[in-house]
Amino acid sequence: MSQQAQPQEASEPETPHLDFAGTTPYEDYVKADVLTHLQHTLSDDPGEMVFLVTTQVMELWFTVIVHEWETAAKALRQDRVPVAIDALKRSVRELDALNASWRPLGQLTPAQFNSYRSSLGEGSGFQSAMYRRMEFLLGDKSASMLVPHRGAPRVHAELEKALHEPSLYDEVLRLLARRGHAIPSAVLERDITRRYEPSAEVEAVWTAVYAGDEGDEIARLGEALTDVAELVWRWRNDHLVATRRAMGAKAGTGGSAGVAWLEKRAQKNVFPELWTARSHV
C-alpha cells in the first residue's frame, strides 16, 4: 500500500517590503497625499466636508469619462468600432459610479445645506470645466460656456479646443456616412461649435439600423450610445432631485435659476434620434 500523502503546512506569507528611501511607490503613482490634502472647508459645519469631497470625486469621474469618450471618438475616426464600443461600455460603469455620488448629498435638508451654503459664494457646478467638456463631447455646445473660464488660460484653451472639435456623436454620424448610410450633408457639414439639433434623416437611418440585424456592429454601437445617454439623463435627474430637496425653488449658486434650470436640462435627450427612431421600428 502506498503511504498516504501528508497535508503540507501552509507557508506563512512573506512580509511585504516596508522600507523605502523616500515616498512609497504607491504614493508616487497615486499621489494619495496630494488628493487627501485638497480639502479646505470654509465653515465649521461638519457636513461641508462630505459636500466638498463628493464634489471633488465627481470631478475625478468627469475626467475619466472624458478620457473614455475621447478614446471612443478617436477610434470611430479610425473605423475601429469595437474599440469605441469597449470605451463606451467602460464609461457606462463609470457613469454608474458618478451617479452614485449623489447618494451622500441626496438627502440634505434645507437647514443642513444652508449651514454651509454661504461658503460657496458664487461657486456652482455649472462652472466645472471638465463637466463642460463632457457636455461638448455629447454635442451640447455653446461658445458662451467658455466665458466663465477666461481668467484661467490653460482651462480656457482646452475648452476652446474641445468646442472646435467634432463631438462624439459627430464622429458616429461621420462613420455612418462612410458606411453608406444616408446622413445628409447639412448634418455632416454643420457648424460643430453649435449645439446639435435632431434630424429627421438621421432618425430614418437609425430606424433602418434597428430594423435590421441586432448583432450588426452599428446596432451594437447604437445600444452602447443609448446606455450612455440613459445614464446622462439619470445624472441630470438625480441632480435635479437632490437640488430640489436641499433648496426647493430658490435661485441656484452662481446666479442660475436653480431647479427651474435643472428641470429644463433634464428634459433633453442625448443622441436624440437614437430615442425617437424606436417609435418607427
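Let's open with a count: by class, 4 nonpolar and 3 charged residues line the largest cavity, with no polar ones. Keep in mind that you are looking at a predicted model.

**Stop one: the cavity.** Select Asp170, Leu173, Arg174, Val187, Leu188, Arg190 and Ile192, and you have the lining of the largest cavity on screen. Now colour α8 (168-178) and α9 (185-188), the elements that each give two or more residues to this lining. Of these, α8 supplies the largest share, with 3 residues. The space they line has a volume of about 40 Å³, and the structure holds 1 cavity of 30 Å³ or more.

**Stop two: the largest nonpolar core.** Next, select Trp69, Trp206 and Phe271: among the 59 residues of the largest nonpolar core, these touch the most other members. To see where the core draws its residues from, show α3 (47-77), α4 (81-100), α5 (110-117), α6 (129-137), α8, α10 (200-211) and α11 (217-247), which each give two or more.

**Stop three: around Phe271.** Centre the view on Phe271 and show its contacts. Leaving aside residues up to four places away in sequence, Phe271 touches Leu138, Leu168, Tyr169, Leu225, Val228 and Ala229.

**Last stop: another core.** Finally, select Leu146, Leu159, Ala162 and Leu163, which are among the 7 residues of another core, lying apart from the largest one.

Notes: Residues numbered from 1 in each chain as written. Predicted model: local features only at pLDDT ≥ 70, side-chain atom pairs only at ≥ 80, totals over all residues. Heavy atoms only, no water. 1 Å grid on protein atoms, 1.4 Å probe; cavity = no way out; pocket = protein on both sides within 12 Å on 5 of 7 lines; lining within 4 Å. Points joined across faces, edges and corners; volume = space filled by probe spheres on them. Helix = DSSP H or I, 4+ residues; strand = E, 2+ residues; numbered from the N terminus. Nonpolar A, V, L, I, M, F, W, Y, C, P; charged D, E, K, R; others polar. Core = buried A, V, L, I, M, F, W, Y, C linked by side-chain atoms within 4.5 Å. Buried < 20%, exposed > 50% of the residue type's maximum accessible area, 1.4 Å probe, protein only. Contact = heavy atoms within 4.5 Å.
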